[in-house]
Amino acid sequence: MSTTQSERLRELLEPLVTSQGLDLEEIAVDSVGRKRVLRVVVDSDTGADLDQIADVSRALSAKLDETDAMGEGEYTLEVGTPGAERALTEHRHYVRAVDRLVRFQLTEGGELVARILNVDDDGLDLEVPGVKGRRATTRRLAFSGIDKARVQVEFNRKDSAVSNEKEEEA
């Protein structure tokens with residue numbers, strides 16, 4: 001049974017990432033000119049701050065230095081968190097995206113943009129924004145009905161809880 005370099009790296013590095021209280025989301029090895037870049041994406045339910053990323057980066061670097069997992073050539077290690085418009089592929093990703101706006105590609109075709117209200121083992125409760133002055137509606141979406149999902153960046157979100165707090169302070 002053959003395993004890819006990424007699979008071997010995941011087996012080697014995942015316990016270290018987990019010991020730091022983070023989840024190993026992605027590993028990618030890319031060639032950039034003559035050098036290679038090992039990109040490691042980590043996250044947690046509460047996010048990962050710069051100190052956590054620095055700590056896990058040092059731990060991963062030390063582990064890679066003591067093994068030959070990356071071979072003999074030079075490489076650069078980059079450790080970071082998922083981007084703002086991250087793809088949702090695991091149950092935990094959906095849980096972390098509660099209250100976020102998400103674009104869903106549906107398995108039956110078409111797409112839906114909605115806010116995740118709740119996540120359980122079977123699917124999602126969503127708030128679908130109203131169009132042209134209409135009220136938002138709620139909808140249930142089973143995981144089996146989702147082909148792809150990606151968090152959307154919101155620049156002008158009107159957060160009613162924050163707005164109410166500011167009004168009360170004034």
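**Sheets, helices and selected residues in the predicted model**

Strands S1 and S2 (residues 35–43) are paired antiparallel through 9 bridges. This description refers to a predicted model. Within this pair, Val29 is placed opposite Leu38 of S2. Both strands belong to an open sheet of 3 strands, ordered S1-S2-S3, in which the pairing is mixed. Its edges are formed by strand S1 (23–32) and strand S3 (75–80), each of which pairs on one side only. On average, and with direction ignored, neighbouring strands of this sheet are turned by 15° against each other.

Helix H1 lies across S1 and S2 and runs at about 135° to S1. Helix H2 packs on the sheet with contacts to S2 and S3, and its direction makes about 150° with that of S3. The two helices also meet each other: the axes of H1 (residues 5–19) and H2 (residues 50–66) come within 10 Å and cross at roughly 140°. H1 is therefore oblique to H2, since angles over 145 degrees would be needed for a roughly antiparallel arrangement. The crossing of H1 and H2 is right-handed. On the H1 side, the contact involves Leu9, Leu12, Leu13, Leu16 and Val17. These residues meet Val56, Ala59, Leu60, Lys63 and Leu64 of H2.

A second open sheet contains 5 strands in the order S7-S6-S5-S4-S8, with antiparallel pairing. Strand S7 (137–142) and strand S8 (146–151) are the edge strands, each pairing on one side only. From one strand to the next, the twist averages 45°. In general, the strands of a sheet pair through backbone hydrogen bonds, in either a parallel or an antiparallel manner.

Thr138 is located in strand S7. Its relative accessibility is 65%, so Thr138 counts as exposed, the cut-off being over 50%. Apart from residues up to four places away in sequence, Thr138 touches Leu117, Leu126 and Glu127. Leu117 is 21 residues from Thr138 along the chain, and the C-alpha atoms of the two are separated by 8.9 Å.

His93 is found in helix H3 (residues 91–96). With a relative accessibility of 4%, His93 counts as buried, because the value is under 20%. The side chain of His93 takes part in a polar contact of 2.5 Å with the side chain of Glu25. A polar atom of the His93 side chain also lies 3.0 Å from the backbone nitrogen of Thr89. When residues up to four places away in sequence are not counted, the residues touched by His93 are Glu25, Arg86, Ala87 and Leu88.

Note on methods: Residues numbered from 1 in each chain as written. Predicted model: local features only at pLDDT ≥ 70, side-chain atom pairs only at ≥ 80, totals over all residues. Heavy atoms only, no water. Pairing = 2+ DSSP bridges. Helix = DSSP H or I, 4+ residues; strand = E, 2+ residues; numbered from the N terminus. Axes fitted to C-alpha atoms, helices over the stretch in contact; angles between N-to-C directions. Buried < 20%, exposed > 50% of the residue type's maximum accessible area, 1.4 Å probe, protein only. Polar contact = N/O pair within 3.5 Å; in protein donor to acceptor, adjacent residues only side chain to side chain. Contact = heavy atoms within 4.5 Å. Parallel < 35°, antiparallel > 145°, perpendicular 65-115°, else oblique. Left-handed = near helix turned anticlockwise from the far one by under 90°.
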